[in-house]
Amino acid sequence: MTSDSFFEKPKNGEPWDVAIIGSGPAGLTAAIYTTRGARSTIVFGGTAWGGQLMLTSEVDNFPGFPEGILGPDLMNNMRKQAERFGTEIRNQDIESVDFSASPFVIHVNNEQVLAKTIIVATGAATKWLGIPGEDKLRGRGVSSCAPCDAPFFKNKKVIVAGGGDSAMEEALVLSKYASEVTIVHRRDAFRASAAMQQKVLSNKAIKILYNTEIIELFGEQKLEKAKLKSTEKGEWEMPIDGLFVAIGHIPQTAIFSKTLTVNEIGYLVRNSQDGYETATNIPGVFTSGDVHDHHYRQAVTAAGFGAMSALDALRFLDMEKEN
Ligand code: NAP
């Protein structure tokens, strides 16, 4: 028990009040709320804990940081805040959950962990282009994280794939290092916000190829060139040193999708009822963040959903006690 916590951790074989799967802004905000609500809370944060913000540089739109904050610093702060109130955070990937048992049974590293309620906050992972050469050259010129890898491309030629805010952000970071940055977008207009588009369009170091697809990558030890195809020019090859893929994300629902309801693109479906806005199809299982939210996908909205799911879990536990 930490000096600021309001509960005793469960002893061997006893269930946790709340198990949170995922440690991005949604999961860690949920943990801050459930622990301050005096409920024992364990977070399975994954071997790569912290979510997408761990791969971001400056975050300028999270309220409370007038000068901005680095993504990893923001996540470290959230983690420390959750731990301050007694959250147990494990950097482990769970294998499965038995949602039919009561309490629920989480299988992780040959161990079974019991929980009365579960909050699924597993987020979403990078979507890749799925073109020949991409898998082989990942980490050898192909990346999805400019803030992590841009310095390796000093004075080199890079392409960014995509037309959303992520692609704009990647290109802007890369423009500080690379000699040439080209955004390749499959349509004739960006999907990104006006503010981000403006930053890109006013950056002379960034070129744009609209109506163009990347169809193949070449290179043995490292990426050497890409084959492109456009409606106007047909197919051609471009020598490049780096490709940054920023075409969106895939919700991390594979291990739940047989039991929890997902939509046609794999996102968890919220089954809001009885005032539980973050409920899933299984009573006592809640969801928060990018794993169910295909629309807003902001750190601050994920944190907001985290708070909502925690308040739902706390009310569910209180109702169980009364019954
Ligand atoms: P997104 O908005 O879904 O954009 C994905 C882009 O990739 C779209 O332009 C899409 O083209 C393109 N695309 C998708 N699949 C493709 C494929 N197979 N081949 C080629 N192109 C493909 O994703 P995002 O940019 O990652 O942004 C996700 C959310 O996070 C958004 O809500 C965004 O506002 C937010 N975000 C905010 C910030 C910020 O505020 N600083 C930074 C990053 C992300 P189409 O346009 O043709 O569909």
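In this predicted model, a backbone N or O atom of glycine 163 lies 3.1 Å from an oxygen atom of the ligand. The protein buries 78% of the 930 Å² that the ligand exposes when taken alone. The shell around the ligand takes at least three residues from each of domain 1 (16-125 + 250-322) and domain 2 (128-245). A search of the whole structure also finds 8 aromatic pairs, and two of the pairs are described below.

- The side chain of glutamate 169 places an N or O atom 3.1 Å from a nitrogen atom of the ligand.
- An oxygen atom of the ligand is 3.5 Å from a backbone N or O atom of tyrosine 296.

**Shell around the ligand**

- The ligand is surrounded by 20 residues, and the closest are Asp165, Ser166, Arg186, Arg187 and Arg191.
- By class, the shell consists of 9 polar, 7 charged and 4 nonpolar residues.
- Helix α4 (residues 165-174) supplies the largest share of the shell, with 3 residues.

**Aromatic pair of phenylalanine 190 and tyrosine 210**

- Phenylalanine 190 and tyrosine 210 form a tilted pair, with 5.3 Å from centre to centre and 45° between the planes.
- Phenylalanine 190 belongs to the loop between β12 (180-184) and α5 (194-201), and tyrosine 210 to the loop between β13 (206-209) and β14 (212-218), so the pair ties together parts that are 20 residues apart in sequence.
- Phenylalanine 190 has a relative accessible area of 9% and is buried, whereas tyrosine 210, at 32%, is partly exposed.

**Aromatic pair of tyrosine 276 and phenylalanine 316**

- The ring centres of tyrosine 276 and phenylalanine 316 are 6.3 Å apart and the ring planes meet at 65°, so this pair is edge-to-face; the cut-off for that class is over 60 degrees.
- Tyrosine 276 sits in the loop between β18 (249-251) and β19 (285-287) and phenylalanine 316 in helix α6 (residues 299-322), so the pair links distant parts of the chain, 40 residues apart.
- Tyrosine 276 counts as buried at 11% relative accessibility, and phenylalanine 316 counts as buried at 14%; the limit for buried is under 20%.

**Aromatic cluster**

- One aromatic cluster is formed by Phe99, Phe104 and Phe256.

Notes: Residues are numbered from 1 along each chain as its sequence is written. This is a predicted model: local features need pLDDT of at least 70, side-chain atom pairs count only at pLDDT 80 or more; totals for chains, interfaces and linings use all residues. Side-chain values use heavy atoms; hydrogens and water are left out. A residue is near a molecule or strand if one of its heavy atoms lies within 4 Å of it. A polar contact is a pair of N or O atoms within 3.5 Å; within protein, one must be able to donate a hydrogen and the other to accept it, and residues adjacent in sequence count only if both atoms are side-chain atoms. Accessible areas come from the Shrake-Rupley method with a 1.4 Å probe; for residues, only the protein chains shown count as cover. Helices (H or I, at least four residues) and strands (E, at least two) are DSSP runs, numbered from the N terminus. Ala, Val, Leu, Ile, Met, Phe, Trp, Tyr, Cys and Pro count as nonpolar, Asp, Glu, Lys and Arg as charged, and the others, Gly among them, as polar. Domain bounds come from an automatic or database domain assignment. Rings of Phe, Tyr and Trp (its six-membered ring) pair if their centres lie within 6.5 Å; planes under 30 degrees apart count as stacked, over 60 as edge-to-face and the rest as tilted. Buried means under 20% relative accessible area, exposed over 50%, partly exposed in between (1.4 Å probe, protein chains only).
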